[in-house]
Amino acid sequence: MPLLTRNRVALLLALPAFLVPVIEIPLVLWARSTFISLHPDYFDDPPTISRSINDPVVGAPFANLILVITALILAIVPILILSYLLAISRLTLRPWQRILMYGLLLLVLVLQLAASAGMVMTTQFTFAIDRDMHMLGSYVFFIFQALSILAAGTLCRLLLSQQRKHGIADHDWPFRSAMHRFRFRFAMLIVGLVVLYGVLFVLKDHALPISAYVVRVAYTQCEVLVIACYVLFLGSYAVDIHDMVRRDKLRLPVSAAATKALTTAEGPAAASGAAVTER
């Protein structure tokens, strides 16, 4: 494939991952600010995203755009699974190590699909439609997305370790080593934020020695921060996807044995061609 065409394809394939945070972060901020402008009483009682989308003026466009975001996430899943499989295939591993990596990859896939389903469920079923379905979708989204990111971060850490152990350069590896390192650290930060969010979720309904308003503000702001981190983690794959496609890394490497066999097979033909030329 010509370089110019490959660059265009790289941009096209990386675009869905890039658009996930670009759309969702402003969308979440818009939902809260619009709800407060429509219901000024909530200025002193910061609303959650769930409360904000309960107003149809906010909830209807929010739910529609979440469907778009879910489609973008599902669009990048196949290329990410392929890239992880190619990375694992490059390594000489013990059976248990290979099973562990494949198991983590399967876990990432299943948990991400479940989290995406939860995200759709919690926006399609608002409090006004079905409170129980909304809460179920919310729990599934927040918990499964955190677990998916934790599994992905762990897999990134294991692959980075094996890449270094095998002495594989970045140009021969689907992912950039810096992105492996970044995603592992970011995943640990996200898990910490989710734990904090869970603690605040419990504390907001209890009497505390500090102002209930302060706890409410911390809780609602933490919710926005967690969602932003979720989509930024997914969006970070845009860097790798663009690099993989532009540098033609999404294919199995040709082994030394295969290269030698190809050279040997081409030898007689090359010699025959040379003899014909001399005649």
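Student: Let me start with one side chain: how exposed is Arg 176 in terms of relative accessibility?

Tutor: Bear in mind that this is a predicted model. Arg 176 comes out at 33% relative accessibility, so it counts as partly exposed.

Student: Which residue does Arg 176 form a salt bridge with?

Tutor: For a salt bridge, look for a side-chain nitrogen of Lys or Arg within 4 Å of a carboxyl oxygen of Asp or Glu. Here the partner is Asp 243, with the closest N and O atoms 3.4 Å apart. The two belong to distant parts of the chain, 67 residues apart: Arg 176 sits in the loop between α5 and α6 (177-203), and Asp 243 in helix α8.

Student: And is Asp 243 buried or exposed?

Tutor: Buried, because its relative accessible area is 1%. Asp 243 also pairs with Arg 247, where the closest N and O atoms are 2.7 Å apart. Shared partners then tie Arg 176, Asp 243, Arg 247 and Lys 249 into one salt-bridge network. Arg 247 itself is partly exposed, since its relative accessibility is 47%.

Student: Why is helix α8 described as largely enclosed?

Tutor: Count its buried residues. In helix α8 (residues 237-246), 7 of the 10 are buried, so the rest of the structure largely encloses it. Among them are Tyr 237, Ile 241, Asp 243 and Met 244. Follow the chain past α8 and you reach Asp 248, which has a positive phi, near 55°.

Student: How many salt bridges are there in the whole structure?

Tutor: A search finds 5. Another one to look at is Arg 216 with Asp 45, at 3.5 Å between the closest N and O atoms. That pair spans 171 residues, from helix α7 (residues 212-235) to the loop between α1 (3-38) and α2 (49-52). Arg 216 is partly exposed at 22% relative accessible area, and Asp 45 is partly exposed too, at 35%.

Methods. Residues are numbered from 1 along each chain as its sequence is written. This is a predicted model: local features need pLDDT of at least 70, side-chain atom pairs count only at pLDDT 80 or more; totals for chains, interfaces and linings use all residues. Side-chain values use heavy atoms; hydrogens and water are left out. Buried means under 20% relative accessible area, exposed over 50%, partly exposed in between (1.4 Å probe, protein chains only). Helices (H or I, at least four residues) and strands (E, at least two) are DSSP runs, numbered from the N terminus.
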